[in-house]
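Trainee: I have a new model on my screen. Can you walk me through what to look at?
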Amino acid sequence: MIEFVNVHYYYKENSSLILNNISFTINKGEFIGIVGRNGSGKSTLARMFNGILIPSKGKVLVDGLDTRKAEDLIKIRRKVGLLLPNPDNQIVSSVVEEDVAFGLENLGIKPEEIRLQVDEALKLVEMEEFKKHPPYLLSGGQKQRVALAGILALKPDYLVLDEPTSMIEPEGRKLITGLLKQINSELGVALIWITHDLEEIIEADRILVVANGKVKEYKKPKELLGKADIWKEAGIEPLAITQFMQNLKQYGIDFKPEEFTVQEMVDFLCRLK
Amino acid sequence: MPIKIKGVTHIYKKGTPFEKKALEDIFLNIENGEILGIMGKSGSGKSTFLQLLNGLLRPCRGKIIVDDYDITMIPADEIAAVRREVGLVFQFPEEQIFETDVYKEIAFGPKNLGIDEKKTFERVKTAMKLTGLEYVKFKDRRPNELSGGEKRRVGIADILALNPRYLLLDEPFAALDYEGRRKIYQSIKELNQTRGTTTIIVSHNLEYLVPVCNRLLILADGRVKLDIKIDEIALYIKEIKNLGVSPPLHHEVLYYLKEKGFNINVKVRTREEAAREIAKYLGTLKDEVKSG
């Protein structure tokens with residue numbers, strides 16, 4: 001379990017709060033979506049999970065380990081992986097498999113063990129055939145999968161994803177989105193998925209809405225998705241279908257919340273004819 | 001003057017085993033003042049197209065006529081003039097920001113062109129106004145303390161300070177939230193209305209292009225596969241989907257309704273307009289909104 005307890009964050013004493021008294025918990029194996037405007041504090045939040053940033057006030061606990069304690073940090077970083085938006089900032093080696101091995105080597109794991117874990121991680125992200133490639137010849141999506149493999153090789157319990165697809169081409173995006181969901185459902189790795197795109201987190205267990213450094217909502221998607229107002233206020237684009245329902249409502253066509261796909265919407269409108 | 005593209009073909013690494021055809025036999029006229037959206041999968045030739053238009057690449061075959069000049073014939077040492085006329089904003093322009101404050105960053109381009117300080121000041125101010133960056137509030141700010149959307153707009157202002165007559169934007173909405181996108185729409189529209197700037201926008205998301213473009217091009221395998229007005233999307237849903245592009249939801253709904261026998265006007269751009277047409281047909285349009 002990850003616990004944020006009254007977390008505050010500011011750059012300088014007396015400067016404005018980036019995070020303002022944030023408290024929430026995430027259980028093992030959960031899939032959590034985090035959304036908020038540019039500048040709402042999401043990326044700061046992302047860097048709190050594994051102690052890259054330490055709360056100015058309050059605490060973050062990972063399975064009881066405290067990110068403020070230096071002696072806990074190594075354990076925490078093995079438990080919590082962080083994937084950044086741009087894989088170019090995360091890839092360090094000139095050969096794919098060496099890059100995936102980097103974290104394991106750092107931990108002093110035996111070479112034969114490393115070999116096994118690297119192969120397994122590359123298989124998980126469907127990049128086995130590229131293991132001898134230099135990363136710079138790969139597409140953005142492929143590089144992102146290599147960066148992900150590097151994290152998975154460490155067998156984390158939690159995976160923090162800071163807009164993992166925002167810099168990736170659309171074809172690569174679909175693949176990564178699918179892989180991540182699979183990692184969650186099959187391996188039980190918890191996902192903490194920061195995004196602007198509600199479509200990506202529609203299947204999440206809960207969605208955390210951040211606004212002005214505070215937690216606005218923390219609920220099941222079903223309880224939130226239909227409410228265009230919440231999204232507008234949080235500066236996030238509601239699902240296209242929610243917006244279109246809103247437009248139709250203005251013109252006197254009222255929908256029940258369960259009309260959620262294009263086909264269902266068309267059928268509903270046909271019945272009104 | 002419109003941009004005329006006549007029979008342009010571009011092949012990377014021509015004559016080597018790595019030869020790759022990026023664009024093939026493109027014929028296209030882009031009218032003055034047009035806001036053209038270009039879509040296509042990765043590798044369809046979108047970015048190549050933009051780079052050809054501002055002279056960063058030279059086509060293997062064909063002509064590109066901008067302001068009556070064939071820019072493919074301009075000698076390399078004069079191509080800088082083309083790049084001023086045809087401003088290209090790369091993907092993630094904020095990654096190229098290097099100055100220590102916003103003013104210096106935007107002033108860099110005009111200064112580099114030898115423009116005096118007073119005129120540079122005017123240009124920076126105008127570019128900031130056009131991109132919705134309030135001058136007094138932002139001029140001294142450090143770029144790395146700005147939000148993603150603000151940085152993106154500084155990146156666009158960098159190019160606008162060069163006073164281009166044509167503006168090319170490569171994925172300007174990527175990784176921006178709704179507010180960030182809305183501000184960029186405003187900039188594009190204002191530029192278009194005040195200066196008549198012809199704008200070409202590449203995006204992978206059709207929803208992002210619909211609010212601002214008046215024409216849509218879909219590229220696939222280096223060719224123009226679809227060239228329509230933006231309000232014609234609902235008429236071409238099948239073709240758009242076949243090209244691997246997701247159409248906007250409201251256009252898709254209109255298309256299916258038409259198929260199911262709704263005798264309805266589907267030539268609309270926005271969701272609002274689509275909802276209105278449906279309501280008109282179903283007779284639920286209330287009096288108070290009818291007039292509006």
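Trainee: How many helices and strands are there in chain B?

Mentor: Chain B has 12 helices and 10 strands. Those are DSSP runs numbered from the N terminus: helices are H or I with at least four residues, strands are E with at least two. Keep in mind that this is a predicted model, where local features need pLDDT of at least 70, side-chain atom pairs count only at pLDDT 80 or more, and totals for chains, interfaces and linings use all residues. Residues are numbered from 1 along each chain as its sequence is written, chains are lettered from A and ligands numbered from 1 in the order in which they are written, and side-chain values use heavy atoms, with hydrogens and water left out.

Trainee: What does chain B span along its principal axes?

Mentor: The C-alpha trace of chain B spans about 65 × 55 × 30 Å.

Trainee: What about contacts inside chain B?

Mentor: Take the contacts in chain B with a separation of 6 or more: 60% of them are between residues 24 or more positions apart. Contact means heavy atoms within 4.5 Å.

Trainee: Which residues make a salt bridge between the chains?

Mentor: K260(B) and D267(A), at 3.6 Å from N to O. The count between chain B and chain A is one. A salt bridge needs a side-chain nitrogen of Lys or Arg within 4 Å of a carboxyl oxygen of Asp or Glu. Side chains of opposite charge can pair when their charged atoms come close.

Trainee: How many polar contacts cross the interface?

Mentor: Five residue pairs are in polar contact there, both residues at pLDDT 80 or more. A polar contact is a pair of N or O atoms within 3.5 Å; within protein, one must be able to donate a hydrogen and the other to accept it, and residues adjacent in sequence count only if both atoms are side-chain atoms.

Trainee: How many salt bridges does the structure hold over all chains?

Mentor: It holds 28. One of them joins D63(A) and K28(A), with the closest N and O atoms 3.6 Å apart. D63(A) lies in the loop between β4 (57–62) and β5 (65–66) of chain A, and K28(A) in the loop between β2 (17–26) and β3 (31–36), so the pair ties together parts 35 residues apart in sequence. D63(A) is partly exposed at 26% relative accessibility, while K28(A) is exposed at 51%.

Trainee: Which residues does E24(B) bridge to?

Mentor: E24(B) pairs with K21(B) at 3.1 Å and with R223(B) at 3.4 Å. R223(B) sits in strand β10 (residues 223–229) and E24(B) in strand β2 (residues 20–30) of chain B, so that pair ties together parts 199 residues apart in sequence. E24(B) is partly exposed at 22% relative accessibility.

Trainee: Last one: where does K13(B) lie?

Mentor: In the loop between β1 (3–12) and β2 of chain B. Most residues other than glycine have a negative phi. K13(B) counts as exposed, at 57% relative accessibility.

Technical notes:
Buried means under 20% relative accessible area, exposed over 50%, partly exposed in between (1.4 Å probe, protein chains only).
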